[in-house]
Amino acid sequence: MSEENVELAKRFNEGGQHGDVEAAFIQFVAEDVVATDFGDSLDTPNVVRGRNTLLDVYRQVAAVLDDYHREVDEYVEVGDWVIAVGRW
């Protein structure tokens, strides 16, 4: 199962890199997704609930930055989870 999850994570990332972010979200992100961003502070993470809300957050960030993309250096399997290690 975990290798399948890594492949899905790679396909999601590739879809976003090729400019079809909305289609990638619809195809690969569950409607009831819960995303946690530890970028600002580990003790008070930003939690986003729902695919549409997460897509809105992505759009807001992308609108502010000229060249918004993510480079994934490595995919790490942790049980049923896949962590994409990279940089924005």
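A salt bridge here is a side-chain nitrogen of Lys or Arg within 4 Å of a carboxyl oxygen of Asp or Glu. You are looking at a predicted model, in which local features need pLDDT of at least 70 and side-chain atom pairs count only at pLDDT 80 or more, while totals for chains, interfaces and linings use all residues. Residues are numbered from 1 along each chain as its sequence is written, and side-chain values use heavy atoms, with hydrogens and water left out.

Searching the whole structure turns up five salt bridges; let's visit some of them.

Start by selecting D73 and R87. Their closest N and O atoms are 3.0 Å apart, which makes a salt bridge. D73 sits in strand β3 and R87 in strand β4, so this pair ties together parts that are 14 residues apart in sequence. (Strands are DSSP runs of E, at least two residues; helices are runs of H or I, at least four; both are numbered from the N terminus.)

E71 belongs to strand β3 (residues 71-78) and R87 to strand β4 (residues 81-87), so the pair links parts 16 residues apart in sequence. R87 is partly exposed at 43% relative accessible area (buried is under 20%, exposed over 50%, partly exposed in between, with a 1.4 Å probe and protein chains only).

Now move to helix α3 (residues 51-64), where D56 and R59 lie three residues apart, about one helical turn. Their salt bridge has its closest N and O atoms 3.5 Å apart. D56 is partly exposed at 37%, and R59 is partly exposed at 40%.
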